[in-house]
Amino acid sequence: MDNTKLQLAYSELILGGQRSGKSRRAELLAQTWLGTSASHRAVLIATGQPGDEEMRQRIRRHQADRALRVPGMETVEEPLALAQTMTQYSRADTLVVVDCLTLWLTNQLMPVNQKFESNQALAPVNSAPVAMLLEAITQAPGPVVLVGNEIGMGVIPMGAQVRAFVDALGRLNQDVARVCQRVTLMVAGLPLNLKDAE
């Protein structure tokens with residue numbers, strides 16, 4: 001992706017599959033923001049939790065890659081209190097990147113320290129944190145970029161838990177897309193514009 005052609009929206013939701021280029025686009029938007037003024041700041045709110053060794057390695061790899069690609073971006077780890085953290089760091093001169101909404105939802109519905117049986121039903125999504133997130137997006141004084149997975153484009157998954165999660169994520173993505181100025185779908189590293197309300 002050529003970051004010389006990137007233009008920031010007031011708020012952007014970036015959706016896509018795994019390794020589609022979602023995080024890379026968010027990083028390029030952060031680079032663009034940081035490059036337009038010496039007074040600009042960028043903060044990434046990382047929602048992933050190291051539930052196992054593979055996830056710990058993945059988080060370390062993401063941290064190292066981000067430090068190289070966007071050295072001026074600060075990282076804050078926050079798995080649950082997303083709206084509050086966005087409000088805390090959002091300023092007119094600060095771009096806030098959330099990576100990612102999918103893990104944030106996972107943390108709410110399937111906490112790392114809770115063992116789930118295969119036939120156990122997921123708890124319903126608590127609407128209060130979602131409402132707070134939407135409010136934080138619309139009230140942010142500076143630009144916001146949110147990254148999330150689009151996982152509902154394949155076959156209907158087996159298992160009630162997985163189907164419930166896909167449904168919950170689909171609803172969250174729709175809610176966030178509704179309040180964001182721009183929505184971008186990433187496919188094979190290429191951005192497809194779904195919404196751009198100038």
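Leu101 touches Leu13, Leu82, Leu133, Leu146, Val147, Gly148, Leu172 and Val176, leaving aside residues up to four places away in sequence. Touching, or contact, means heavy atoms within 4.5 Å. This is a predicted model, in which local features need pLDDT of at least 70, side-chain atom pairs count only at pLDDT 80 or more, and totals for chains, interfaces and linings use all residues. Residues are numbered from 1 along each chain as its sequence is written, and side-chain values use heavy atoms, without hydrogens and water.

**Nonpolar cores**

- The largest nonpolar core has 30 residues. Such a core is a set of buried Ala, Val, Leu, Ile, Met, Phe, Trp, Tyr and Cys residues joined through side-chain atoms within 4.5 Å; buried means under 20% relative accessible area (1.4 Å probe, protein chains only).
- Leu13, Met86, Leu101, Leu133, Leu146, Leu172 and Val176 have the most contacts inside this core.
- α6 gives the most to this core, six residues.
- Apart from it lies another core of 18 residues, among them Ala26, Ala30, Val70 and Leu95.

**Helices α3 and α5**

- Helices here are DSSP runs (H or I, at least four residues), numbered from the N terminus.
- The axes of α3 (residues 82-89) and α5 (residues 127-139) come within 8 Å and cross at roughly 20 degrees. Axes are lines fitted to C-alpha atoms over the stretch in contact, with angles from 0 to 180 degrees between N-to-C directions.
- That makes α3 roughly parallel to α5 (angles under 35 degrees).
- Leu82, Ala83, Gln84, Met86 and Thr87 in α3 meet Met132, Leu133, Ala136 and Ile137 in α5.

Note on methods: Helices (H or I, at least four residues) and strands (E, at least two) are DSSP runs, numbered from the N terminus. Angles under 35 degrees count as roughly parallel, over 145 as roughly antiparallel, 65 to 115 as roughly perpendicular and the rest as oblique. Buried means under 20% relative accessible area, exposed over 50%, partly exposed in between (1.4 Å probe, protein chains only).
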